Amino acid sequence: MNPTRRKFLRNVTAASALLATESIAKPFNIIKDLKKISPNDKIRFATIGMGIQGNQDTKAALRGAPDAEFVAAADLYDGRLTRVKEVFGKDIFTTRDYRQILERKDIDAVLIVTPDHWHDHITKASLQAGKHVYCEKPMVHHINEGLSVIDAWKKSGKTMQIGSQRISSASFKEAKRLFQAGEIGEINYVESNNDRFNSIGAWNYSIPTDASQTTLDWDQFLGDAPKVPFEAKRFFRWRNYRDYGTGVGGDLFVHLITGVHFVTNSLGPERIMSSGELSYWKDGRDVPDVLVSILDYPKTDIHANFQMVLRVNFANAGAIANNTRLIGTEGQIEFTENNLVLTKKKLPKAPGFGGYDSYNTFSESEQKEFKKQYDAQYPEDTRKADPVKEVKFTAPKEDDAHANHFADFFDNIKKGSVGTVEDPIFGFRAAAPVLACNESYFSKKIINWDPVAMKVKKK
């Protein structure tokens, strides 16, 4: 397929996908609702959730948009609010109640970096309050929450970005360029993994000595989760529990799927199945530490059908090489956030004969007849393949995917645009399949998904 036709079909497919979801909400009210900010104005933002990622996101936002101003923070643990003032300045407004931030008219945007079960609630409240929203991945805690978030975004007309930052790296952009140029032929298989073998990597984060119901708001943390007695471990290590987090699927699979969707422009899989276990970290968590999922992607106007295999192993004491491999009929692209290797290998037209082949079992006369027919069918120029070609790419040292992702968010706010690199439709198409991976694991069933309508298919 030539590049011009590929681009045309890509645009047609994207438009079709948008039309297929128009029933979710009325068209964007961009002209009426989306406030354009002067290039000379500072965008004032607040971070809701000042845990590990909240701190990382706040710093990356300031790197990505030096003219943005961090003015407020919310967190349910007092120690983190104290730390905000120590790190970012004593004038930062801090509160346990995120609603106090949403009430402030002088705050333009919010970063939502809370446990997963709060994502949809705070996102919708923020959009309704007229804030631009950056929400960490996965966009939602449950599949049935996704369309309502998209609906709220469309009605608000505000800029919204989902936080799976790797796709803003130079390496991922180069992988996309090579794939779209047809460098690996027709895609047929993808494998992507993210293994670890250390306690902090397995989410056993440090717990402060002063953790208590006095120093943190336990009831607010629970939100719509089941009401259980206070346990500091559940608050500070929330990723280990299904009530608040989404396990390895929502923490790591979502990065892997987001990257593949970004590179291929895929809308998502149609069949999802998982297998795994709790192998090593038997510390009270109720999510697996080893998970393998197989996702079947249908053929579309822009890519062939392919199978994707995802793996996370938190008990991998062997060699760890966390990467993604896109494999096609003429080569493969193997990439991480920082580097990439394209390997091209094209078969000759002639199949060859001899060696470990049935040809050697033919009678002598039949071998002569076969060779005569082969020579007539396959001229000499069809018998040689192009030499194997390897192209390597290393991201520039100054490349900062995390800051780049925030730069895209703030640039779109300034332009009065909703066209971020990872808008809620893209974000949900990445989140829903990984949530389906979890559902398949716990239910021991295959999940059928409609990637265009973004709904679970009922049999």
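**Helix packing and backbone geometry**

Helix H4 is followed by Gly 89, a residue with a positive phi near 125°. The model described here is predicted. Within H4, which spans residues 78-88, the buried residues include Leu 81, Val 84 and Phe 88. Viewed down the helix axis, the buried residues of H4 fall within an arc of 55°, so they line one face of the helix. The elements against which these buried residues pack are helix H3 (52-64), strand E2 (69-74) and strand E3 (93-95).

Helix H11 (residues 247-264) takes part in two helix pairings described here, one with H8 and one with H14. In the pairing with H8 (residues 170-180), the two axes come within 8 Å and cross at roughly 45°. This angle makes H8 oblique to H11, and the crossing of the two helices is right-handed. On the H8 side, the contact involves Phe 172, Lys 173, Ala 175, Lys 176, Phe 179 and Gln 180, which meet Gly 259, Phe 262, Val 263 and Thr 264 of H11. Sorted by class, the contact between H8 and H11 comprises 5 nonpolar, 3 polar and 2 charged residues.

The second pairing joins H11 to helix H14 (residues 424-443), with the axes 9 Å apart and an angle of about 130° between them. H11 and H14 are therefore oblique to each other, and H11 passes H14 in a right-handed crossing. From H11, the contact is formed by Gly 249, Gly 250, Phe 253, Val 254, Ile 257, Thr 258, His 261 and Phe 262. The residues contributed by H14 are Phe 426, Arg 429, Ala 430, Ala 431, Pro 433, Val 434, Cys 437 and Asn 438. By class, the contact of H11 with H14 has 10 nonpolar, 5 polar and 1 charged residues.

Backbone geometry was examined next. Most residues other than glycine have a negative phi, and most peptide bonds are trans. Trp 203, although not a glycine, has a positive phi of about 75°. The residue is located in the loop between strand E7 (187-193) and helix H9 (218-222). With a relative accessible area of 0%, Trp 203 is buried. A positive phi, near 60°, is also found at Met 454, a residue other than glycine. Met 454 belongs to the loop that connects strand E15 (447-450) and strand E16 (455-456). The relative accessible area of Met 454 is 1%, and this residue is therefore buried.

A cis peptide bond links Lys 137 to Pro 138, with omega near -15°. Pro 138 lies in the loop between strand E5 (132-136) and helix H7 (146-156). Strand E5 also holds His 132, which counts as buried at 2% relative accessibility. Along the chain, His 132 and Ala 350 are 218 residues apart, and their C-alpha atoms are separated by 58 Å.

Technical notes
Residues numbered from 1 in each chain as written. Predicted model: local features only at pLDDT ≥ 70, side-chain atom pairs only at ≥ 80, totals over all residues. Heavy atoms only, no water. Axes fitted to C-alpha atoms, helices over the stretch in contact; angles between N-to-C directions. Helix = DSSP H or I, 4+ residues; strand = E, 2+ residues; numbered from the N terminus. Parallel < 35°, antiparallel > 145°, perpendicular 65-115°, else oblique. Left-handed = near helix turned anticlockwise from the far one by under 90°. Contact = heavy atoms within 4.5 Å. Nonpolar A, V, L, I, M, F, W, Y, C, P; charged D, E, K, R; others polar. Buried < 20%, exposed > 50% of the residue type's maximum accessible area, 1.4 Å probe, protein only. Arc of directions from axis to C-beta.
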